[in-house]
Amino acid sequence: MEPNNAQEAAYMGMENGGILLKGSGKEVRPGRTAHNVSSSSLRKKSDLQSISKIRFGLLRNILANLQEVILGTKLAVLFPAVPLAIVAHVYGFGREWVFALSLLALTPLAERVSFLTEQIAYYTGPTVGGLLNATCGNATEMIIAILALSQNKIEVVKYSLLGSILSNLLLVLGTSLFCGGLANINKEQKFDRKQADVNCFLLLLGLLCHILPLLFKFSAKTAAQIAALPTLNLSRDSEEDDAENSEEVPVIGFWSGFGWLIGMTVVIALLSEYVVGTIEAASDSWGVSVSFISIILLPIVGNAAEHAGAVIFAFKNKLDISLGVALGSATQISMFVVPLCVIVSWIMGVEMDLDFNTTETGCLAISIIITAFTLQDGTSHYMKGLVLLLCYIVIGACFAVIGTPPNKANIMNIATTSTNIVF
């Protein structure tokens, strides 16, 4: 792997459309995303000198791949949680233990998927690599959402996607601005305001798609009108995609990276199934609501690597990278993953729409507005980050004390019962 300075320079090359790096003598092609640069801050350079002395080529390649894929990250210490989660599930340990171990195991796996897509993109070029990065960049969220949809846990899907947006806008961005402001308190921190504006506009567009179905529900006055609401059809009439390009000097071969990516995805799917299947048990055992676990815990674990990288680059006064991670991830969830889940649920015959209920939509709206105001002048201060963090704490406390709202079927029954009582 290249040193961090080269990784930062690669990002700057991306920002300038592929220019000659200072002192490098080579051109960096545009296409490397802020997500890749952020995740790469948690990677460590592998020492392959001892492995290179092995005479057998096949064994040497296998050990080199293991060194790069498994031990090439600072999160490798969490990999033992993968077999522990599987053992806990097979031997019937407490379901809350299965849930906790699965969450821990998903953290390094999510970072490794980002690494592998970056490696494959080097061979496939920026177009295919960008599509691969957009698809696999949120692989954990999408797999959890699809598995939850297969079990008709629509609220878990909505909560986890909403939590991903909120955690990126408030927790990640807030922590980055706060820590970066304290570390560079004597310097004026600036960032690309155009990038922030575009992402905020896209987030407001996504918010509009959530507000309209909510307004439909409030416009209904009777149970019959509620049943006839067109929210499901409206939710299924729009789809957006936000794909980015990804590129980096490879350390493993194309087919090796492809095989590792398939294997990692299978393990993520298995652990995600454990998470979805045990989330209610963990909620009962820990005494917290499913909404709090889905909105707060799942997004933090699923994106821990990128989030940590964003904070690290904020310390280095590289706010454009931090904003690219926080706003880019939130925009991708809002404009790509959410519509994709609606379409997948349509195919599966599950009635998921864009109505995220009043409290959830209100929290999303306030978060987007506060973020837009925070970034409007193109400068940063630690107090701005503190305000975003306090907003996240307040929202987290809100969902910690409220339970999961009743589903639509229960709402219909309540409405029908109320109507019968009146008449």
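Leaving aside its neighbours within four places in sequence, which residues is isoleucine 154 in contact with? They are Val350, Glu351 and Met352, where contact means heavy atoms within 4.5 Å.

Before the tour begins, please note that this is a predicted model, in which local features need pLDDT of at least 70, side-chain atom pairs count only at pLDDT 80 or more, and totals for chains, interfaces and linings use all residues. Residues are numbered from 1 along each chain as its sequence is written, and side-chain values use heavy atoms, with hydrogens and water left out.

**Stop 1: isoleucine 154.** Select isoleucine 154, which is placed in helix α9; helices (H or I, at least four residues) are DSSP runs, numbered from the N terminus. Isoleucine 154 has a relative accessible area of 17% and is therefore buried (buried means under 20% relative accessible area, exposed over 50%, and partly exposed in between, with a 1.4 Å probe and protein chains only).

**Stop 2: helix α9.** Of the 30 residues of α9, 27 are buried, so the helix is largely enclosed by the rest of the structure.

**Stop 3: asparagine 152.** Move to the loop between α8 and α9, where asparagine 152 lies. Asparagine 152 is not a glycine, yet its phi is positive, at about 60°. With 53% relative accessibility, asparagine 152 counts as exposed.

**Stop 4: helices α8 and α16.** Display α8 (residues 139–150) with α16 (residues 319–348); they pack at an angle of about 30°, their axes 10 Å apart. Among the residues making the contact are Met142, Ala145 and Leu149 of α8 and Phe336, Leu340 and Val344 of α16.

**Stop 5: asparagine 317.** Finally, select asparagine 317, in the loop between α15 (304–315) and α16. This residue, other than glycine, also has a positive phi, near 65°. Asparagine 317 counts as partly exposed, at 26% relative accessibility.

Technical notes:
Helices (H or I, at least four residues) and strands (E, at least two) are DSSP runs, numbered from the N terminus. Axes are lines fitted to C-alpha atoms, for helices over the stretch in contact, and angles run from 0 to 180 degrees between N-to-C directions.
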